[in-house]
Structure formats: C-alpha cells, structure tokens
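Try each task with the model open, then follow the worked solution.

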Amino acid sequence: MSSGGLELPPGDSSHEGGPADAAGAAPGGMPAGAVSLAPPEAGSARAGAELDWGTEAWSEVRTRAQRAGRAYIWLNLIEQRLRSVIGAVLRPVYQPVHGDDDWVVAAAGPAGQEWVQRAVAVREVSRRKGYLLDPADDNVLSFLTLPQLRELMVQHWPCFEPYFDDRREIELALDELEVTRNVVSRNRALSRPVLEQAERASARLLEVLGGGAGSPAADRLPIDAVEDLVGDRYADVISVHPDRVRLQRQLPAEDLFGGARRLDAIGIGLNLLVQNFSGRRLVRLTEAGCRVRLLFLNPASSAVKRRERELGLRKGELSRSVEMNILHVRRVRAGLRDPSRFDIHVFDETPRFTAYLVEGESSGIAVVQSYLRRARGMESPVLVLRGGGRGVPKDADHGLFTTYREEFESVWEDSRPVS
C-alpha cells in the first residue's frame, strides 16, 4: 500500500492477493484502486504526453530565437561599450592605489560589496575551468552585468559628468533595456514592440556614449548590429519587401529622400517620388544643396505603348500619367533659384527597372524594383540597398548599389534633356 492509498498490481496471480478474477477486482484483472505500470498494448490508445512539435510550434520557436538573437547582440554591444567607458574613466582613479585586480572592488565600495564579490568568485571559477578564452577578459570588470555596470556609473557620476551631458537620458535608456535583458537572460518570449524599443534605446545609448560616428538620424536607415554581422552574406541588400506598400510602412518617402545630398532616379513615371514627396518639399531639398537628376521613360515612345498592353491599360493612359509627372517636376524646377541643380531627362529604351539612388552626407541608400509583365510598380518586389559611407560591407564595390549606379549613368548618357 502506497502513502496515497493506491496499491501496485501484483506481478502474477500466484502472488499474495488472490486470483485476478477475485471479488472487487477492476476490469482487466487489476484490483480496485490499483495503478498500472505496464506499457500500453499494441493498437491501444497512445499513453503519455505529446512530445512532437507541429509546424506552428516550430515557427513560434524560430521567431522567439530570432528576436532573442537580435536583442542579445544589442545588449552585448551596450555591455561592452559600458565596460570600456567605465574602465577608461574609473581605472585611472582607483588603479594606482588598489592595483590591477582590486580597483573594481574598491570602486564598488560597501554598497556594491555583495555583487562585486560574486563577480570575483565567478571569475575564479572561470579561470579554473578554462572558460576564459581571451586573456583580455581576465579581469573583474568583464564579469559585471549590465545593472552592475550601471550602478558603478551612477555611484561615480561626478567622474562621468565631464564626458556626458544628460545622466537622466542614460538612465532611462538603461531602464528600457533592463526589461529586454531580463526576458532574454531567462529565455522567455520577447514581443516585437519590446524588441523595437530595445533597439531604439540601444542606438540612442551608443550615440550618447560615443559608440558611433555621427547621428543615426542623419542616415535615414541606421546600420544596426545584425546588419553589421550578416551584411557580407547579402552583399549590400539590407531588406526585401514583397511590394511598395510594405516598403513605405518601414521607409516613408520623407525618410528616404529627406536630407539627401544627391538624388538620382530612373523609371517609367517615378511615382514613389512624384506622388509621395511634395513639390514644396522637393524645392526645399534642392535649395538646401541636393543635386537631383530624374530620368523618365519618354511618354511618346513605343516602349510606353508596349507597357500599356502588358498591364492591360487603355491606349494613352500610361503615357498621360508619365506626362503629368514630368510636368509636375518641371514646375518644381521652374521655382528654383538655381535650376541647373535639377535635371530632367527622358529615355527611349525598354524599361527594365526603377531605381532611386539617394546619397547623404555619410551614407547612401537605394530602392530598386524590377518591372514585371503583369504587375504595376506598386505591386512589384522591392530591394533596399546600402551604398557609400561607413558601415558598408567589405565587398560593396561589387554590390548591387554600384551595379545600379553604373546602369543609371549608362542610360543617362544616352538620354535627352527635357526643356
């Protein structure tokens, strides 16, 4: 008899407890209240928990892993940057008195005695077990976590104040990251809004701590940690969208064209620019120093007529649309103090793609679409390319941005200006 009042069944009928068909026996030859330990018979219902994962479960797991991986990269960058900053500021203060090994312990003080001693213990265990693969990590500072690094910074803020203007901004960014760090460290689900908040906070914090050159806002699409790691696998392609609608949700026209110093565009009607970026904004952009070159398909060419037949449009419908767009940008050019910075050309070749090549002060970006036989530009897949400036993959000279730049220049040479 077990402590729960249940009796294990006998191994066979000869054991003490009577025959299988004794009074009070349960169906199947088991005494009442007994628990069977035998495996289920062939053909019977399957017993036990369901261990297999279905398609939806695998999809959910991959999504969790991808989000956690992105967040981990950002957190790792922030942690390494904080260690570097703290080491640069506090080491000259404490190391001359307390030595290489104990200066972090001294900096933590009585308030941080518990967690700094824990870091020292973890360091010793890592030494004994051979976990320290890089000699540069053999110091107490490398074993402090993000909250502990923050505590060191807050405790010694007068030492950091000459280098950073806003303590409040740093603390708020670290507060936002703490939620993500807690979720990732315990391998729990990370929602997309929390991941995006963590990425924004990380980018802002790296900027405040001097981890990057220049403001991310100036680059329209800041280079993130994941792109830095996997960029070489995809040349200079940084995102792909099934159509232009989804592109504009992530990259509105204002973010794409705003702040450009050079804008070259080629296509049939250039609707992404003409219909989504106002004429006044285009005037201000040009007056601010942007060099603009727009290359339209000649609305009177036979290529326009063939394209109308491909799309099933009425005769002259596409050509009139292109003419209206050209008239619009001509009015924009007429309103400029220096029209020479705004060129409009037309070409007569078969249109193969549309491309917007935008270059800013420190980086460039391109939006490229191929023309499909039965789909308008709004419905065609979109590639977003990184070009020029810092952060571009090492093989950028052979990337797609350069390819489309050369193609644009080739067509531009054979095109005709619009008066």
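**Exercise 1.** In this predicted model, find which backbone atom lies 3.3 Å from a polar atom of the side chain of Tyr356.

*Solution.* 
- Step 1: Start at strand β7, residues 353–359, where Tyr356 has its place.
- Step 2: The atom in question is the backbone nitrogen of Leu272.

**Exercise 2.** Decide whether Tyr356 is buried or exposed, and find how far Phe257 is from Tyr356 in sequence and in space.

*Solution.* 
- Step 1: The relative accessibility of Tyr356 is 1%. Buried means under 20%, so Tyr356 counts as buried.
- Step 2: Look at the strand around this residue. In β7, six of the seven residues are buried, and the strand is mostly covered.
- Step 3: Now compare the two kinds of distance. Phe257 and Tyr356 are 99 residues apart in sequence, while their C-alpha atoms are 9.1 Å apart in space.
- Step 4: Among contacts in the protein chain with a separation of 6 or more, 71% come from residues 24 or more positions apart.

**Exercise 3.** Trace the strand pairings around β7: which residue stands opposite Tyr356 in β4, and which is its bridge partner in β8?

*Solution.* 
- Step 1: Take β4 and β7. These strands run antiparallel and are joined by five bridges, with Ala265 standing opposite Tyr356.
- Step 2: Turn to β8. This strand pairs with β7 in the antiparallel sense over seven bridges, and the bridge partner of Tyr356 there is Val367.
- Step 3: Carry on from β4 (residues 262–267) to β5, where six bridges join two strands that run parallel. Ala265 has Leu294 as its bridge partner in β5.
- Step 4: Consider the cover on β5 (residues 291–297). This strand is mostly covered, with six of its seven residues buried.

**Exercise 4.** Find the sense of phi at Leu270 and at Asn187, then say for each residue whether it is buried or exposed.

*Solution.* 
- Step 1: Leu270 sits in the loop between β4 and α10 (271–274). Its phi is near 55 degrees, a positive value in a residue other than glycine.
- Step 2: Leu270 has a relative accessible area of 2%, so Leu270 is buried.
- Step 3: Asn187 is in the loop between α5 (167–185) and α6 (192–208). Although Asn187 is not a glycine, its phi is positive, at about 55 degrees.
- Step 4: Asn187 has a relative accessible area of 67%. Exposed means over 50%, so Asn187 is exposed.

**Exercise 5.** Work out how helices α1 and α2 are oriented to each other, and which residues meet between them.

*Solution.* 
- Step 1: Two packed helices are described by an angle and a distance between their axes.
- Step 2: For α1 (residues 55–108) and α2 (residues 113–129), the angle is about 160 degrees and the axes are 9 Å apart.
- Step 3: Angles over 145 degrees count as roughly antiparallel, so α1 and α2 are roughly antiparallel to each other.
- Step 4: From α1, Asp101, Val104, Val105 and Ala108 meet Trp115, Val116, Gln117, Val120 and Arg123 of α2. By class, this contact has six nonpolar, one polar and two charged residues.

**Exercise 6.** Which residues beyond its sequence neighbours are in contact with Gln148, and which with Ser380?

*Solution.* 
- Step 1: Gln148 belongs to helix α3 (residues 146–155). Its relative accessible area is 12%, so Gln148 is buried.
- Step 2: Leaving aside neighbours within four places in sequence, Gln148 is in contact with Trp115, Arg118 and Phe143.
- Step 3: Ser380 lies in the loop between β8 (363–370) and β9 (382–389). At 1% relative accessibility, Ser380 counts as buried.
- Step 4: With neighbours within four places left aside again, Ser380 is in contact with Pro242, Asp243, Arg244, Gln369, Ser370, Leu372 and Ala375.

Terms used: Residues numbered from 1 in each chain as written. Predicted model: local features only at pLDDT ≥ 70, side-chain atom pairs only at ≥ 80, totals over all residues. Heavy atoms only, no water. Helix = DSSP H or I, 4+ residues; strand = E, 2+ residues; numbered from the N terminus. Buried < 20%, exposed > 50% of the residue type's maximum accessible area, 1.4 Å probe, protein only. Polar contact = N/O pair within 3.5 Å; in protein donor to acceptor, adjacent residues only side chain to side chain. Pairing = 2+ DSSP bridges. Contact = heavy atoms within 4.5 Å. Axes fitted to C-alpha atoms, helices over the stretch in contact; angles between N-to-C directions. Parallel < 35°, antiparallel > 145°, perpendicular 65-115°, else oblique. Nonpolar A, V, L, I, M, F, W, Y, C, P; charged D, E, K, R; others polar.
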